Amino acid sequence: PTVAGVSGGTALRVFGADLNLLPSAEAVVRFGDGEHAVAGDVVSSTEVRVIAPAHEAGRMVLELSINGGADFSASGVQFVYHTEAVLRSLHPSGGLIAGGTTVTLIGESFVRSDNAVCRFGLGKPVAAYFVTDTEINCITPPSKLGNVTVEASNNGLDFTMSGLRFRFTDRAVWTLSPSKGPVTGGTLVTFTGSDMVQLETLVVMIGSVEVFAQSVADGRAVVAVPRTRREGPVSIKVGVNGADLSDIAPQYVYLPAPAVT
């Protein structure tokens with residue numbers, strides 16, 4: 001990677017040409033000024049491996065020597081030290097096992113980097129999309145059911161140790177009762193189907209209208225049906241994490257307004 005934390009310890013691979021021409025090449029990598037030069041291992045004619053030393057934050061030039069530091073390259077390769085990233089919170093805190101949920105991670109010291117990633121559990125890291133130095137977005141990969149730890153990295157190697165949890169769930173099978181009511185609206189409908197329901201993250205769409213739950217408990221949510229001008233069935237979508245909406249069956253049916261004759 002081209003970035004590392006100020007505390008050092010990042011394993012770097014430095015690439016070049018003819019790096020093992022000397023019979024006993026002694027690689028030294030210099031980070032900025034000469035005070036931050038460390039020995040490296042020549043592993044091939046094109047690669048040297050080195051552990052980044054601790055360094056103050058900032059952008060600098062990285063150069064390489066294969067004769068013990070007597071002569072250095074003049075390539076001008078840019079390298080950046082940054083304060084280590086920290087995760088504080090994430091939203092939503094759950095999503096479907098199929099993946100595809102956009103998760104917003106809030107923290108500190110995020111940097112714009114092609115190597116920035118998020119890791120959900122022990123799975124393969126996924127790309128992190130930089131928003132600001134306190135916010136990044138990641139899209140969840142497919143996963144098994146259960147809770148996982150979420151961490152982030154600015155360089156794909158050094159991860160945070162936040163311990164924040166994310167829950168992967170299967171798509172819930174929802175039922176609603178009653179499933180019909182007058183076009184005047186106001187009918188209280190109970191949705192049942194997921195133990196992950198929370199009032200602040202529940203989204204219910206009745207037709208094209210988003211409605212808010214009046215109460216949530218034990219996997220049930222109660223919502224008031226909105227008024228409409230048209231009779232007949234309308235689609236229902238429910239999302240328990242504020243992000244992923246699923247069509248449910250049966251549809252809700254609007255009936256003619258009651259009349260007394």
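How do the residues of the lining of the second largest pocket divide into nonpolar, polar and charged? Point 2 answers this.

1. Basis. This is a predicted model: local features need pLDDT of at least 70, side-chain atom pairs count only at pLDDT 80 or more, and totals for chains, interfaces and linings use all residues. Residues are numbered from 1 along each chain as its sequence is written, and side-chain values use heavy atoms, with hydrogens and water left out.

2. Second largest pocket. Its lining divides into seven nonpolar, seven polar and two charged residues. Here Ala, Val, Leu, Ile, Met, Phe, Trp, Tyr, Cys and Pro count as nonpolar, Asp, Glu, Lys and Arg as charged, and the others, Gly among them, as polar. The lining has 16 residues, and Glu84, Ala85, Asp158, Phe159 and Thr160 lie nearest the centre. A pocket is an open set of points on a 1 Å grid over the protein atoms alone, where a 1.4 Å probe fits, with protein on both sides within 12 Å along at least five of seven lines; lining residues have an atom within 4 Å of a point. The space in the second largest pocket is about 220 Å³. A volume is the space filled by probe spheres set on the points, with grid points joined across faces, edges and corners. Strands β1 (3-5), β9 (86-91) and β15 (146-153) each supply at least two lining residues. Strands are DSSP runs of E, at least two residues, numbered from the N terminus.

3. Largest pocket. The volume is about 330 Å³. Of its 15 lining residues, Arg13, Val14, Phe15, Leu62 and Val77 lie nearest the centre. The elements giving two or more residues are β2 (11-15), β7 (58-65) and β8 (77-82). β2 gives the most, with four residues. By class, the lining of the largest pocket has eight nonpolar, five polar and two charged residues.

4. Salt bridges at Glu47. The structure holds four salt bridges, each a side-chain nitrogen of Lys or Arg within 4 Å of a carboxyl oxygen of Asp or Glu. Glu47 meets Arg13 in one of them, at 2.8 Å, N to O. Glu47 lies in β6 (residues 47-51) and Arg13 in β2, so this pair ties together parts that are 34 residues apart in sequence. Glu47 also forms a salt bridge with Arg49, with the closest N and O atoms 2.7 Å apart. Glu47 counts as buried, at 7% relative accessibility; Arg49 is partly exposed, at 42%. The cut-offs are under 20% relative accessible area for buried, over 50% for exposed, and in between for partly exposed (1.4 Å probe, protein chains only).

5. Salt bridge at Glu108. Glu108 pairs with Arg88, the closest N and O atoms being 3.0 Å apart. Glu108 lies in β11 (residues 102-108) and Arg88 in β9, so the pair ties together parts that are 20 residues apart in sequence. Glu108 is partly exposed, at 36%, whereas Arg88 is exposed, at 52%. Separately, shared partners join Arg13, Glu47 and Arg49 into one salt-bridge network.

6. Sheet. Four strands form an open sheet in the order β17-β19-β23-β22, with antiparallel pairing. The edge strands are β17 (175-177) and β22 (213-217), each pairing on one side only. Two strands pair if DSSP finds at least two bridges between them. Three bridges join β17 to β19 (residues 188-192). Among the partners across these strands, Thr175 bridges to Thr192 in β19.
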